[in-house]
Amino acid sequence: MKMNFDVAQIEMPRAQMLKLFDARGSQVSCASGVLWITQDGERDDVVLGAGQSLRIQRDGLTLIYACKDAALRIDAAKAGRAGLSKNARSATPVLHSRKGAGALTFSICCTA
């Protein structure tokens, strides 16, 4: 599945994992439940509870794990906002998803 979006709202059952690729600058907000987030290259992991949010600091792989049933919102980084590469400045954020091996995988990338 491929979706153009500025905002994605996702419900995740307990023990579901979400993979974000190259999502630097995007914001993850936890509406309910508890989310554990780890970013490739970051030393510390983050646990978000309801009402908390995190701006993704790096490109590469970001894993979001639902410690219990959770609802989250992802605000994609805007084209031209700090955090996107120079080639992506005029691009549209695109969300790709595929289900396999027990994980729902979302890839946030930029396309011209």
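This is a predicted model: local features need pLDDT of at least 70, side-chain atom pairs count only at pLDDT 80 or more; totals for chains, interfaces and linings use all residues.

A: Residues are numbered from 1 along each chain as its sequence is written, and side-chain values use heavy atoms, with hydrogens and water left out.

Buried residues make up 40% of its 112 residues; buried means under 20% relative accessible area, exposed over 50%, and partly exposed in between, with a 1.4 Å probe and protein chains only. Of the contacts in the protein chain with a separation of 6 or more, 67% are between residues 24 or more positions apart, a contact being heavy atoms within 4.5 Å.

Strand 7 covers residues 61-75, and its pairing can be followed partner by partner, given that two strands pair if DSSP finds at least two bridges between them. Strand 2 and strand 7 run antiparallel and are joined by six bridges, with Ala 8 standing opposite Ile 74 of strand 7. Strand 3 also pairs with strand 7 in the antiparallel sense, over five bridges, and here Leu 18 has Ile 64 as its bridge partner in strand 7. Strand 4 and strand 7, again antiparallel, are joined by 11 bridges, and Thr 38 stands opposite Leu 63 of strand 7.

In a regular strand the side chains alternate between the two faces of the sheet.

The largest nonpolar core has 18 residues, of which Met 12, Leu 18, Leu 20, Val 28, Leu 35, Ile 64 and Leu 72 touch the most other members. A nonpolar core is a set of buried Ala, Val, Leu, Ile, Met, Phe, Trp, Tyr and Cys residues joined through side-chain atoms within 4.5 Å. Strand 2 (7-12), strand 3 (17-21), strand 4 (27-39) and strand 7 each supply at least two residues of this core, and strand 7 gives the most, with five residues. Leaving aside residues up to four places away in sequence, Leu 72 touches Ala 8, Gln 9, Ile 10, Met 12, Leu 18, Val 28, Ser 29, Ala 31, Leu 35 and Ile 64.

Strand 7 also takes part in an aromatic pair, and a search of the whole structure finds one such pair. Rings of Phe, Tyr and Trp (its six-membered ring) pair if their centres lie within 6.5 Å, and planes under 30 degrees apart count as stacked, over 60 as edge-to-face and the rest as tilted. The rings of Trp 36 and Tyr 65 have centres 6.3 Å apart and planes at 75 degrees, so this pair is edge-to-face. Trp 36 in strand 4 and Tyr 65 in strand 7 are 29 residues apart, and the pair thus links distant parts of the chain. Trp 36 is partly exposed, at 26% relative accessibility, and Tyr 65 is partly exposed at 28%.

Finally, there are the cysteines: a disulfide is a pair of cysteine sulfur atoms within 2.5 Å, and the count by this rule is zero. The cysteine sulfur closest to that of Cys 30 belongs to Cys 67, at 9.3 Å, which is too far for a bond. Cys 30 is buried, at 3% relative accessibility, whereas Cys 67 is partly exposed, at 36%.

Note on methods. Helices (H or I, at least four residues) and strands (E, at least two) are DSSP runs, numbered from the N terminus.
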